[in-house]
Amino acid sequence: MWLTRHIGPAGWTFLFVLAVVATAVPYANQLLPPDHPWHASSYVVGLLGKYLTFALLALSVDLIWGYCGILSLGHGAFFALGGYAMGMYLMRQIGDRGVYADPLLPDFMVFLNWQELPWYWYGFDSFLFAMLMVMLVPGLLAFLFGWFAFRSRVTGVYLSIITQAMTYALMLAFFRNDMGFGGNNGLTDFKDILGFDLQSDATRCALFVASAAALGLGFMLARAVTGSTFGKVLVAIRDAESRTRFLGYRVDHYKLAAFTLSAMMAGVAGALYVPQVGIINPGEFAPANSIEIVVWVAVGGRGTLIGAALGAVVVNYAKTVFTGTFPEYWLFFLGGLFVFVTLFMPRGILGVADDLRRRFRRPSAPSARPADQPAE
Amino acid sequence: MRLFCACAVLLLSLTALGNARADEDLRPLVDALGGGNFRETAGAVADLAATGNPAAAPVLELLRAGDLYTRRSDGVVVRGARAGRDIALSDVFTGEELETVGRREARQIRVNNSLRRDIDAALGQLTLLSPDPRVRAGAAQAMFNARDSAALPLLEEAIAREEEPEIMERLILARAAIQALHGESDSVRLEAIDEIAQRGDREASALLATVARDAPPAVTEAAEAGIAAIERRLALWNMAQNVVFGLSLGSVLLLAAIGLAITFGVMGVINMAHGEMVMLGAYTTFVVQEIIRTSAPWLFDWSLLIALPLAFLVAGAVGVAIERGVIRFLYGRPLETLLATWGLSLILQQAVRTIFGPTNRQVGTPDWMTGSIELGGLSLAMNRVVIILFALAVFAALIVFLRRSRFGLHMRAVTQNRAMASSMGIRTNWVDALTFGLGSGIAGIAGVALSQIDNVSPNLGQAYIIDSFMVVVFGGVGNLWGTLVGAMTLGVANKLMEPWAGAVLAKIFVLVFIILFIQKRPRGLFALKGRAVDA
């Protein structure tokens, strides 16, 4: 089967661990009594679920940065757009249970004296339509953006800067009240999803399992893409773009395909993130957020996929710990992490682990680097 | 009557200017007002007017209002106010309280209609013909506002005698205002309307609207044409005002981006901590002002000038430290540099937040930077003007420095061909460090200027970093002139769009425009040609 052909032993280990987590956490939450030492509270389930969506987001960034050399500083925008699509579905599910009890309009629209639902809100009462939009909207934006950018050969730092400008412009736009997305406050006060109460532990566990499944699927998809001939061309583009072009490959088409796929993965991550944290607001578009995603990837190990997911979980766990115990030092730590990783761990945690393993098995260490390590 | 109220207010405020000796000269003339009959009083009024001393005007005002009394004991003329059955006396010039006497102890100086006319004429003469040009200008404005046809003969006289062109203009306008409303013939009124339309501000437009009401058709038509002309001119001025706002925003962008144009444009280093250098400059200004406030308040007007070199040194030193500590290990790896410097920016932000607190800090504005300049229909805030000039000065200084100085020569050499420069004996390491320090130092200087128009908070730099990159990329990397043109273009475009699109949407449009522009010209407005492109 094409989806499993390129996973490899490390990949299977990753999927196995993911599967164990995906069963153990709901078990610990649902079946263990609250006073049991291994009981997972609903807070922990929500937190871990959030980490898993971040891991999927990091995976999507790694797919284009690690394998195609496209450093997107605007991936948070795709994540947020997916989140908004999900948020719009959840808003429609509130129905007349809002503060103003309007059967059709969400609360913020009633508050702003809107008379009817804007056209772009139509269809979001259907879950299937909303899920389609979760992938289509970020995908379409990435396609248009990439179409222009890659065709005119905007590369490297310039591309990074204009992706940043893109997410910045979107942030400013979504902050506007008359955009019809709740302005500053965003979308919140969700009640239920597909008829299940969002506050109940069972729903949270289901969302957790869904996030784990999405991460697993995303990982398998990314492995399948990078292992295929298509993926080899991507790596060639990363390492020598002009040479690949001279060999006759349509570089911009490859990049565009990878970029769009990655944006759709980010959109799915956003859609799973929103019901678990209960809010989506324009702050998610902030350029700083997008840069942070890149750091997760760098910490875990660029161009490894597993490393990206690992990095997202590790950095976010550190964030939870730091902001809880000494919030004023979190930015020192995060900033220090950026500097430390780029200076001393250019290949991330997985790179360090790899080096250590080779040191202990010195005689048989191969001199050639594995293909999935970036040359830079 | 309104005319005289206006004059009175004006003059009362000016009495402080008349010095004590002038008052003493007037004293015998004032005392003569209490002569006993109307004829003698009228003579004294004429004498007072003949002095041309503005201090006499408030006395005449009092006389007209019936507030002057003669004290029976010594015949001195004083100001009186009824206090029950008694009269409270005070000095006519200083307003100093003298005594309270019985009703019989002071006699009111009465005025009749003929005397009132004399007083009015004298007042007009004192103000319109006053030796003090400021008083005359104020009186002319008051005449324009009052539009009292009785003042016309006096105005004619004033026009005949006026020598200062500026006041002359105002007097003629005041005459035109009166004539437009009360002129005997249509031709006089039409001429006056033309005159007013020339002045062309909101006030004139309002006046013409009044004229257009219940007037002969020819006059109404002329007035309406005048209003239309004024509106057109105002629209033009409005446009010009927006352009000036745009230049002001552009100069802010230029200040923020010009340091980046060196580090990014010349060295190719993506310094995401650039905004924090700006912030450090702003906080240096804050610290300098705090020290001055507590230990040397008389230096306050110089605080910004003192802060400039210090901000350059502080930000420059931090810049050199960053280059030596982090960036030099990452040359040739722009994306890694981007991440590492972003980390540094987080650290710097948090450090400043820990030291100075997360809230906005107050940075004062020296006196010479407050107020505004009127220029035609434009009103330019002084601090904005200073920043525009300052930005251009920094830019010019930088260009000269890079072109003429030895260090500038080394810097350009290293940029063009590192290996060759090195073999010619240039210490490329030090040139790198100092170039980065220079770019950072200029960002620090920008911080001093920005502290005047923006909140000084740990997030100050964040607000500018994206804009700065846009400017540098738009203008063309490696080209300082491109940065200048880019900053001004973006600033003006932003401000011209604001009136019809709103501030946020205008900004979004500019961002989208830049994204599209980069597709068309990936190397910016003024791209470097030749081999440097491949570097």
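Chain B contains 21 helices and 7 strands, where helices (H or I, at least four residues) and strands (E, at least two) are DSSP runs numbered from the N terminus. The model is a predicted one, in which local features need pLDDT of at least 70, side-chain atom pairs count only at pLDDT 80 or more, and totals for chains, interfaces and linings use all residues. Residues are numbered from 1 along each chain as its sequence is written, with chains lettered from A and ligands numbered from 1 in the order in which they are written.

The overall form of chain B comes next. Its radius of gyration is 34 Å, while a compact globule of 535 residues would have one near 24 Å; the radius is taken over C-alpha atoms, and the globule rule is 2.2 Å times the number of residues to the power 0.38. Along the principal axes, the C-alpha atoms of chain B fill a box of roughly 105 × 65 × 40 Å.

Now to the meeting of the two chains. Chain A brings 38 residues to the contact and chain B brings 34, two residues being in contact if their C-beta atoms, placed from the backbone, lie within 7 Å. On the side of chain B that touches chain A, helices H14 (334–356), H19 (460–475) and H21 (503–520) of chain B each supply at least two residues. H14(B) gives the most, with 14 residues.

In chain A, leaving aside neighbours within four places in sequence, A:Ala58 is in contact with residues including A:Ile293, A:Trp296 and A:Ala312.
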